[in-house]
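The sequence and structure are shown first.

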Amino acid sequence: MDLGINVFEMVIYLVGFIAFAAANAAYLVWVERKGAAHIQRRTGPKEVGPYGLLQPLADGAKLMSKQFIIPAGVDRPLFILAPILTMVPAIMIFVTIPFSETILARDFNIGLLMILAFASVNVLALLMGGWASRNKYAVISAARVVSQNIAYEIPMLIIVITIVLISGSMNLTEIVAGQAGGILHWNLLPTNGNFLGPITFIIFFICSLAETNRAPFDLGEAESELIAGFHTEYSSMGFGLFFMGEYANIVIAAALTTILFLGGWYSPLPESIPYAGASSVVWFLVKMYLLIWLVVLIRWTYPRVTLWSLLNLSWKILIPFSLFNLLASAGLVKLLG
Amino acid sequence: MSSQPLSQNQERFELNLGPQHPATHGVLRVKLLMDGEYIVDAEPVLGYIHRMHELMGENRSWAQYLPNMGRLDYLSALSYNLGYVELVEKMAGIEVPERAEYIRVITTEMNRISSHLLWFGAFVLDLGGFTPLLYAFDDREQILDLLEAVTGSRLTYCYYLFGGCYNDVEDDFLSGCLAFVKRLRTRLPMYHNLVTKNVILRQRLEGVGPVSAEMCRKYGATGPVLRGSGINYDLRKNEPYSIYPELDFDVPVYPEGDSMARFMVRMDEMEQCLRIIEQAIAKIPEGPVMAEKVPKMIKPAAGDYYHAVEAARGTFAIRAVSDGANQAYRMKLRSPTFSNLSLFQEASRGMLLADGLAFMGSLDLVIPEIDR
Amino acid sequence: MAGYFTNILGGAKSLVVGLSITQRQFFKKPITLQYPWESLEMTPRYRGHIQLIKNAESGTHQCISCGMCEKSCPSDCITIKGEKQEGVKGKVLVKYELDFTKCSLCGQCIANCKPGAIEFSREYNLASTRKEDFHYDLLKRLKEQK
Ligand code: SF4
Ligand code: SF4
């Protein structure tokens with residue numbers, strides 16, 4: 001391929017994905033606020049633009065016009081770096097996510113590995129932010145975030161290994177391609193070799209909630225205990241970036257779940273059915289946004305878990321189940337082989 | 001878990017919880033000595049909202065002290081109103097017409113439900129669940145609307161007068177109350193499904209913050225805290241006042257002593273309140289709502305008087321010493337959550353921070369009442 | 001071991017029930033009132049600041065300047081002044097000032113007013129940056145009332 005075209009394409013994709021990530025982050029805030037409001041029988045934002053659709057822009061303008069306060073005695077470089085470090089890896093990850101057969105910036109052989117690697121940088125950013133803030137609540141929060149993420153990376157990785165075992169590749173496009181041909185071929189169901197099927201999907205989903213620090217695993221920012229956790233001392237866009245980073249990570253988690261379990265851009269119906277059976281980016285987005293809605297709904301339904309029950313859940317339930325599933329699926333793959 | 005031995009060699013640090021902190025719901029400050037996430041010691045620091053209510057009682061006439069009652073426990077103001085007017089009626093020997101007694105009980109119980117609903121929402125909020133708060137507010141709003149139509153205020157009521165009530169109630173109010181009883185009966189199962197049965201909530205509450213009956217006695221804890229520790233003590237039954245002896249209701253008691261027990265006591269109490277309201281509305285007689293002869297200047301005979309009522313959070317008692325003048329010589333208010341908070345220091349040792357805050361929420365603190 | 005699995009199942013069920021409740025509430029209509037656009041009518045007994053009652057026939061108030069309201073007020077918010085005037089029986093009210101910043105809306109003044117000359121108003125949209133704005137001259141207010 002000609003190098004010139006390649007670079008041009010890259011730039012287009014990069015700009016496109018940054019825009020996509022930012023728009024998603026902004027509008028997920030709107031979805032969350034509107035959703036929470038209606039769950040609670042309120043109306044939510046409705047004054048700025050029709051249905052409050054311009055609210056994210058107003059919020060952004062407000063955040064940007066505020067002063068970025070750096071409290072006395074904080075670790076300046078880390079304090080400034082932390083919010084940037086939550087946002088950058090999130091955008092990097094978007095590069096590897098295939099939204100359909102054609103909408104894909106870079107087809108990596110080890111795309112899955114790269115996503116997981118970059119996703120863990122987020123924890124580092126939160127730790128840095130909490131540590132640099134010189135606030136006891138923020139430090140407690142940072143410690144919580146780290147132990148929580150370590151505990152949940154294990155079952156998550158075990159399940160990812162299972163999926164890799166089934167599809168025989170770390171390339172996201174190939175993982176999706178292995179699920180072509182309707183819902184029966186998705187990794188969601190044992191028919192494709194994933195022994196515990198839906199249970200692994202739930203485990204992965206729980207882990208991604210914990211990894212993105214979403215309720216009920218939002219121990220890091222538990223507002224009734226730690227005020228705002230690691231971002232207590234952040235104002236202006238420093239806070240804004242943490243906030244956007246959180247939503248960007250949710251989008252990534254939902255996209256990854258869609259790719260690994262829900263057959264990516266493939267329709268749940270067999271391909272022989274016209275229109276509804278065709279694979280397209282629409283299916284991908286539908287699945288992804290349904291998952292995101294579930295994430296929002298969960299946040300507004302459950303109380304927060306404590307650190308111990310969170311670790312108990314991981315070590316006593318999720319890890320045994322996922323380990324068992326790894327072994328059983330290995331056998332099943334051999335059988336189906 | 002929470003009884004794990006605290007390591008000695010790790011560095012301990014102090015953490016100031018409040019006076020501005022989302023979980024204290026007011027200006028309470030708790031000085032925490034922490035070992036990691038464990039609470040080594042917790043010392044509540046009071047006084048941020050002290051308004052000298054007791055002294056105010058000593059330099060104004062009996063009637064002028066009435067509005068102060070709504071400002072103590074602003075969430076169940078009517079119980080406090082009731083306690084005070086009953087005390088003065090006892091002192092001055094004023095007879096209250098029966099209809100007024102019924103109105104008092106109905107409105108007080110409505111107020112008790114609204115207080116418990118608010119606690120329920122705020123407590124779940126402490127645990128990180130936001131939505132139940134707004135559902136509870138939806139129901140509470142109905143109560144406030146009903147009470148506003150009668151008392152003219154929504155929060156700091158000043159509705160009872162010596163010898164009766166400020167005004168009569170209409171049939172609209174009574175039928176509105178009955179409609180509310182019906183409504184809440186359908187809502188409570190929803191709350192139980194959404195909150196009580198939720199596995200995360202159960203994990204956070206069951207076995208957390210055990211308070212023994214012994215500890216309750218030691219610190220004088222009353223109300224749902226005491227009843228959640230297995231002691232059946234409710235002034236409405238034990239030292240009956242007003243028309244409570246004529247009404248049939250149960251006192252919910254849970255022996256476990258943990259946060260879940262306190263939670264359940266309050267949830268069940270709401271159901272009992274509904275029963276009381278229903279019966280009182282069925283029995284309410286016609287007649288005047290003010291006693292015929294209430295002296296303009298109340299001058300009780302010199303002496304030492306005491307009266308206690310069961311407020312939403314426990315025993316609210318007033319001791320007033322009169323020297324025969326139009327105002328009290330000494331006024332002492334005994335508020336329930338002051339005692340309930342006192343046991344926090346002992347009970348919270350060795351708890352996780354998150355559990356400690358859940359425990360604090362289960363005590364149902366109202367700060368202006370602790371700091372009178 | 002059986003307990004382990006029933007615990008997980010029971011827990012999972014409670015979580016699903018919770019989600020279904022919130023999802024159902026999501027589809028219901030909001031119950032909030034959109035305040036600046038709509039507002040509630042205050043109930044007849046709503047306690048706003050006090051005001052003199054205008055008698056429809058005489059077009060004036062019924063205060064006899066007895067001063068009971070002033071005396072009974074726990075917060076000393078009422079200041080009245082009555083004057084003897086030629087040809088009029090009793091005293092004539094010349095000043096009725098209310099300092100609403102201190103009023104606790106207790107109703108003592110109204111309960112103690114023999115002729116029933118004062119009542120609670122239904123004003124609730126009160127806001128100002130100066131506390132003097134809440135020092136009302138009730139006689140002036142009475143005149144301005146239709
Ligand atoms: S108590 Fe009534 S009549 Fe007497 S001065 Fe006050 S308003 Fe006038
Ligand atoms: S309502 Fe109470 S505080 Fe207000 S003016 Fe009347 S007596 Fe005074």
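## Interface of chain A and chain B

In this predicted model, the contact between the two chains takes 25 residues from chain A and 32 residues from chain B. The area buried between chain A and chain B is about 2500 Å², and carbon and sulfur atoms give 62% of that area. On the side of chain A, Ser224(A), Pro303(A) and Trp308(A) supply 23% of the area buried against chain B, more than any other three residues.

The side chains of Arg144(A) and Glu37(B) meet in a salt bridge, with 2.5 Å from N to O. Three helices of chain A, namely H5 (136-167), H8 (223-226) and H11 (307-336), each supply at least two residues of the side that touches chain B. By class, that side of chain A has 12 nonpolar, 6 polar and 7 charged residues.

## Interface of chain C and chain B

Chain B also meets chain C, in a contact that takes 28 residues from chain C and 29 residues from chain B. About 2200 Å² is buried between chain C and chain B, of which 54% comes from carbon and sulfur atoms.

Between chain C and chain B the count is 1 salt bridge. Glu170(B) and Arg45(C) bring their side chains together in a salt bridge, at 2.5 Å from N to O. Across the interface of chain C and chain B, 14 residue pairs are in polar contact, with both residues at pLDDT 80 or more. On the side of chain C that touches chain B, at least two residues come from each of helix H1 (2-27), helix H2 (68-72) and helix H3 (108-111) of chain C. The largest share of that side, 8 residues, belongs to H1(C). The residues of chain C on this side divide into 13 nonpolar, 11 polar and 4 charged.

Methods. Residues are numbered from 1 along each chain as its sequence is written. Chains are lettered from A and ligands numbered from 1 in the order in which they are written. This is a predicted model: local features need pLDDT of at least 70, side-chain atom pairs count only at pLDDT 80 or more; totals for chains, interfaces and linings use all residues. Side-chain values use heavy atoms; hydrogens and water are left out. Contact means heavy atoms within 4.5 Å. Buried area is the accessible area (1.4 Å probe) that two parts lose on being put together, summed over both. A salt bridge is a side-chain nitrogen of Lys or Arg within 4 Å of a carboxyl oxygen of Asp or Glu. A polar contact is a pair of N or O atoms within 3.5 Å; within protein, one must be able to donate a hydrogen and the other to accept it, and residues adjacent in sequence count only if both atoms are side-chain atoms. Helices (H or I, at least four residues) and strands (E, at least two) are DSSP runs, numbered from the N terminus. Ala, Val, Leu, Ile, Met, Phe, Trp, Tyr, Cys and Pro count as nonpolar, Asp, Glu, Lys and Arg as charged, and the others, Gly among them, as polar.
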